[in-house]
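Keep the structure open while you read.

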Amino acid sequence: MNFSKNSKIIRVILVTLSFIVVSIILWNTYDFFQKFKEEERNKVILLGDAQKNLVSKPLTDTDFDLALKIVNNNKTIPIIQTDENGVITGKINLDTLKEHDPVYLKKQLEIMKKQNEPIKVTWFIMDSIPLKNTIDVKNNKKRWQVKRINYTRFQYYRDSDLLTKLKYYPLALLLILTLFGSVVYLVFKSTRVAEQNKLWAGMAKETAHQIGTPLTSLLGWVEILRMDNTEETTVVEIEKDITRLNTIADRFSKIGSIPKLERINLVDETKKSFTYLESRSSKQVHFSFSTDIENTTIMANKQLFSWVIENVIKNAIDAMQGKGKLDLAIKTDANFVKILISDSGKGISKANYKKIFETGFTTKKRGWGLGLSLAKRIINDYHNGKIYVKKSTLGKGTCIAISLKKV
């Protein structure tokens, strides 16, 4: 009890620590992303200032080289420059094969507008322009006027490829952590299932061993009854039940080990299990057996195969609540033989077609949910066959199919 409680506490602590670690990583990644984004914006602003200085005023050789170096140093941030009317006047770091395509440029500009606010760059230059209708008579020359000309440009830019990759890094990290957690969970689950299977196999073998002792004693009592001239019919029925108990013990002893398969006549073995349950079931259940072939051979273990047939039939009887019609039909083709067990019970919803074969799943008030899961393991794992819900209608009944390869 304490071990279980401690294990639960440890799991809670590990999950909490994992959540804290992931939260810290995501926060640091987000913080770094914002700082990197701000740094890229500062680079674009610096680039705009450098371009402005190159064209707006005379510079020393050192200043000119520095401004030119800043302009040429941007090789990662895609930029489109427009004038006040939205006409594209320049572009940097776009796809060289597409940068002259107007459609491509328009699309890139829309992306940039959505990602970042544009940076406005304004400068002016002093230029001499001729005055209209004014001539210097003395020198016979036009008169000129020095005028200030203003320029405004908008720098649109989008995140660099590195920043884009960084944006999706948290998602990749979460995916990796999820996959890692899933692997750990599956390993833990498979280990737990293996331990449970080992426990159930041990209990089954011990049960078979415990049943064996009174069975030997019962066989002795049968002989005593015969010596006392007990009615033979009674003795024969007792022998049948003892044989039945012996079969059950043999089945339990085979759980957890690979059973030995042998050639058997499927029709005969199926008919034996069918007849046994028919004779011991309510008369309100109407049994029907049909086959399109009298003799077909498969590789199977008699005890486990009969166990499957009995489990499916018992499940069908329970679904009808002990009253209805149960049909068992054997059909064959070139390579496979199918056993179809149909009932007129309450039916199964499509959502539960696969769940009914899971260990522990049951719709009964009293039940362990082991019968059909055990049947699936015997057919699928030991006999390389298939067992599945062929069809089912709520309120009308269900048909379970067992498919096995012929020899």
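## The sheet

Five strands make an open sheet, ordered β6-β8-β9-β11-β10, with mixed pairing. Strands pair if DSSP finds at least two bridges between them. Strands (E, at least two residues) and helices (H or I, at least four) are DSSP runs, numbered from the N terminus. The model is predicted: local features need pLDDT of at least 70, side-chain atom pairs count only at pLDDT 80 or more, and totals for chains, interfaces and linings use all residues. Residues are numbered from 1 along each chain as its sequence is written, and side-chain values use heavy atoms, with hydrogens and water left out.

The edge strands are β6 (285-291) and β10 (386-393), each pairing on one side only. From one strand to the next, the twist averages 15 degrees.

## Strand by strand

β6 and β8 pair in the parallel sense over seven bridges. Here Ser288 stands opposite Asp327 in β8.

β8 and β9 run antiparallel, joined by seven bridges. Ile330 stands opposite Ile339 in β9. A hairpin of three residues joins β8 to β9. Thr393 stands opposite Gly397 in β11.

## Helices on the sheet

α6 lies across β6, β8 (324-332), β9 (336-343) and β11. It runs at about 170 degrees to β6. Angles run from 0 to 180 degrees between N-to-C directions; axes are lines fitted to C-alpha atoms, for helices over the stretch in contact.

Helix α8 (residues 371-382) also packs on the sheet, touching β10 and β11. Its direction makes about 130 degrees with that of β10.

## α6 against α7

Helix α6 (residues 266-279) packs on helix α7 (residues 302-319) at about 45 degrees, with the axes 9 Å apart. The two are therefore oblique (under 35 degrees is roughly parallel, over 145 roughly antiparallel, 65 to 115 roughly perpendicular, the rest oblique).

Contact means heavy atoms within 4.5 Å. α6 contributes Leu266, Glu269, Thr270, Ser273, Phe274 and Leu277; α7 contributes Lys302, Phe305, Ser306, Ile309, Glu310, Ile313 and Lys314.

## A ring pair

A search of the whole structure finds two aromatic pairs. Rings of Phe, Tyr and Trp (its six-membered ring) pair if their centres lie within 6.5 Å; planes under 30 degrees apart are stacked, over 60 edge-to-face, the rest tilted. The rings of Phe274 and Phe287 have centres 5.4 Å apart and planes at 80 degrees, so this pair is edge-to-face. Phe274 sits in helix α6 and Phe287 in strand β6, 13 residues apart.
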